[in-house]
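Dear colleague,

Here is the structure I said I would pass on. My notes on it follow below.

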Amino acid sequence: VASRTPLMAGNWKMNFNHLQAIAFVQKLAWTLKDVKHDFDDVEVAVFPPFTDIRSVQTITQADNLDVAYGAQDLSEHDSGAYTGDISGDFIATLGARYVLVGHSERRTIHGEGDDVCRAKVNAALRHGLVPVLCVGESLEEREATSNPAEVSIAQLKAGLADVKPGTDIVIAYEPVWAIGTGKVATAEQAQEVCAALRVALAEQLGDETAAATRILYGGSVKPDNVASIMREPDIDGALVGGASLSIEDFSSIIRYR
Ligand code: PEP
C-alpha cells in the first residue's frame, strides 16, 4: 500500500500585501518550529499571491523551515506575449513545489473550463511542479444529480487527460457550496466523493497511481472539523482558505489529531 503523507495546504487567495505576508510567514515559521515534533509526519504548504513567493522562499530557506509553497495559478504557456500572466517556469525557478489548477474561483470568476485546466496541468508538469487539480460541484449541480461525484469525476478526467501513470499530482475535492461559506461538507459527504475520485483515478492512471495520489478535501475546514474529515480513509489532507490566514487556526489544523 502506497503511503500518502498528509498534506495541509493554505490557500491565501488575494490576501496579505507584501509586508503582511512577510510578517505572517515569519510568525508561521516560529510557530511551526515550536510544534515540529507534532507535525513531523504532515507536509505543510502555503499558496501565497505571486508577489510574495520570493519572500516565502527566502524566509523558509533562512529558517530551514520544512514548509513547501506554491502558486495559486499559472499560465498554460511557457513564455511570450501574454501580458499579466506568470509561467510555470517562473514559479519553479522560485523553488515552488506546487501550483493550484482549476480552483473554483478561477473556474467561475475567470471562466476557466476543463480545456484550460488540462493545459495548465500539462504546463505545471513541464516545469517540474506538482499540480493540485481542484474539482467540485456547485449547489445546483449537487441538487440536480443522484451522483454527487459526477461533476468532480468529469473535471478530474478532463484535467488529467494527458497525464501518464506514475505522475506526482494532487487532487483537491472542493464542493463549491462549501468554499468560504462556513458550510462544511460532512465527513461522510466528503469521503463519498473522494472515494469515487480514487476509483476514477484508478480507471485513468491505474491502481498503483490511484493508491499513491493524495486527495485533499477543501471547503470551510477549521480546527474543530478537521479531525473528523481526516479520519476518512480516502481523504489525505486539507486545502484551507480562510482558516489558513490565522496562525493559530492553521497550526491547529496541521496538528489535526
Ligand atoms: C479554498 O479556497 O480552497 C477554500 C477551501 O476556502 P475556505 O477554506 O475558506 O472555504
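Helices (H or I, at least four residues) and strands (E, at least two) are DSSP runs, numbered from the N terminus. Please keep in mind that the model is predicted.

In that numbering, Gly 241 sits in the loop between β8 (237–240) and α12 (247–254). Gly 241 is among the residues that come nearest to the ligand, along with Ile 179, Gly 180, Gly 218 and Gly 242, out of 14 around it. By class, this shell has five nonpolar, seven polar and two charged residues.

Gly 241 counts as buried because it has 22 C-beta neighbours inside 10 Å, where 20 or more are needed. Apart from neighbours within four places in sequence, Gly 241 is in contact with Asn 11, Lys 13, Ile 179 and Gly 180.

Trp 12 counts as buried, since it has 20 C-beta neighbours inside 10 Å. Leaving out residues up to four places away in sequence, Trp 12 touches Val 46, Phe 47, Pro 48, Pro 49, Ser 244 and Leu 245.

The unreviewed UniProt entry lists His 103 and Glu 174 for "active site". The two span 72 residues in sequence, yet their C-alpha atoms are not more than 8.3 Å apart, so they gather at one spot.

His 103 lies in the loop between β4 (98–101) and α5 (104–109), and is buried, with 27 C-beta neighbours inside 10 Å. Residues up to four places away in sequence aside, His 103 touches Gln 72 and Cys 134.

Glu 174 is in the loop between β6 (170–173) and α9 (187–205). With 28 other C-beta atoms within 10 Å, Glu 174 is buried. Not counting residues up to four places away in sequence, its contacts include Cys 134, Ile 179 and Gly 218.

Lastly, a helix pair. Helix α6 (residues 114–126) packs with helix α8 (residues 150–159) at an angle of about 45°, the axes being 8 Å apart. That angle is why α6 is called oblique to α8. Asp 114, Cys 117, Arg 118 and Val 121 of α6 meet Gln 155, Ala 158 and Gly 159 of α8. Three of these contact residues are nonpolar, two polar and two charged.

Regards

How values were computed
Residues numbered from 1 in each chain as written. Predicted model: local features only at pLDDT ≥ 70, side-chain atom pairs only at ≥ 80, totals over all residues. Near = placed C-beta within 6 Å. Nonpolar A, V, L, I, M, F, W, Y, C, P; charged D, E, K, R; others polar. Buried ≥ 20, exposed ≤ 12 C-beta atoms within 10 Å, placed from the backbone. Contact = placed C-beta atoms within 7 Å. Axes fitted to C-alpha atoms, helices over the stretch in contact; angles between N-to-C directions. Parallel < 35°, antiparallel > 145°, perpendicular 65-115°, else oblique. UniProt positions renumbered as here; feature names shortened; annotations may be inferred.
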